[in-house]
Amino acid sequence: MLFRSDRPGDMDNDGVLNAKDALETLKHGVGLINGENPLVADMNGDGFINAYDALIILKMAVKAN
């Protein structure tokens, strides 16, 4: 069974919220990659994964450290 992090913003699914999650969210938003865990990346709840979500994730990651 594949583990899926339920931590908001943990786009790379490693259990840690950091700048890598924000970067993966940006890449997913522009179609460069399919993120590992997009179910937790729509941070503002608008139904889209984009730069706004990446910004929220980055702000959360900075506060967590």
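I take buried to mean under 20% relative accessible area and exposed to mean over 50%, with partly exposed in between. I am working from a predicted model.

**Entry 1: Ile33 and its surroundings**

I looked up Ile33 first. Ile33 sits in the loop between H1 and helix H2 (51–64). Its relative accessibility is 30%, so I log Ile33 as partly exposed. I then checked for nonpolar surface. Val30, Leu32 and Ile33 make up a nonpolar patch there, with about 300 Å² of accessible area together. I also noted Gly31, which follows H1 and has a positive phi, near 85°.

**Entry 2: Helix H1**

Which residues of H1 are buried? I found Asp21, Ala22, Glu24 and Thr25. They span an arc of only 165° around the axis, so they lie on the same side of H1. I asked next what the buried residues of H1 pack against. The partner is H2.

I also looked at the start of H1. There, a side-chain oxygen of Asn18 comes to within 3.0 Å of the backbone nitrogen of Lys20.

**Entry 3: Thr25**

I picked Thr25 out of helix H1. Is Thr25 buried or exposed? Thr25 is buried, because its relative accessible area is 0%. Its side chain reaches the backbone oxygen of Asp21 at 2.7 Å. I listed the contacts of Thr25, leaving out residues up to four places away in sequence. They are Met11, Ala41, Ile49, Asn50, Asp53, Ala54 and Ile57.

**Entry 4: Met11**

Met11 turned up among the contacts of Thr25, and I followed it. Met11 belongs to the segment before H1. Its relative accessibility is 0%, so Met11 counts as buried. Met11 and Thr25 are 14 residues apart along the chain, and I read 6.4 Å between their C-alpha atoms.

What does Met11 touch, not counting residues up to four places away in sequence? I wrote down Asp21, Glu24, Thr25, His28, Gly35, Glu36, Asn37, Pro38, Val40, Ala41 and Ile49. Among them, Asp21, Glu24 and Thr25 are also buried residues of H1.

I moved to Ser5, in the segment before helix H1 (19–29). Ser5 has 7% relative accessibility and therefore counts as buried. I looked for what its side chain reaches. The side chain of Ser5 comes to 3.1 Å from the backbone nitrogen of Arg7. Leaving aside neighbours within four places in sequence, I found Ser5 in contact with Asp10, Asn13, Gly15, Asn37 and Val40.

Phi of Asn13 is near 65°, a positive value in a residue other than glycine. Asn13 also lies in the segment before H1. Its relative accessible area is 14%, so Asn13 is buried.

**Entry 5: Salt bridges**

How many salt bridges does a search of the whole structure find? I found one. Side chains of opposite charge can pair when their charged atoms come close. Here, the side chains of Lys20 and Asp14 meet at 3.9 Å, N to O. I checked how open each partner is. Lys20 has 51% relative accessibility, so it counts as exposed. Asp14, at 36% relative accessibility, counts as partly exposed.

How values were computed: Residues are numbered from 1 along each chain as its sequence is written. This is a predicted model: local features need pLDDT of at least 70, side-chain atom pairs count only at pLDDT 80 or more; totals for chains, interfaces and linings use all residues. Side-chain values use heavy atoms; hydrogens and water are left out. Helices (H or I, at least four residues) and strands (E, at least two) are DSSP runs, numbered from the N terminus. Buried means under 20% relative accessible area, exposed over 50%, partly exposed in between (1.4 Å probe, protein chains only). A polar contact is a pair of N or O atoms within 3.5 Å; within protein, one must be able to donate a hydrogen and the other to accept it, and residues adjacent in sequence count only if both atoms are side-chain atoms. Contact means heavy atoms within 4.5 Å. Patches are made of residues with over 30% relative accessible area and no salt bridge: like charges are joined within 9 Å, nonpolar side chains (Val, Leu, Ile, Met, Phe, Trp, Tyr) within 5 Å. Accessible areas come from the Shrake-Rupley method with a 1.4 Å probe; for residues, only the protein chains shown count as cover. A salt bridge is a side-chain nitrogen of Lys or Arg within 4 Å of a carboxyl oxygen of Asp or Glu. The arc is that of the directions from the helix axis to the C-beta atoms.
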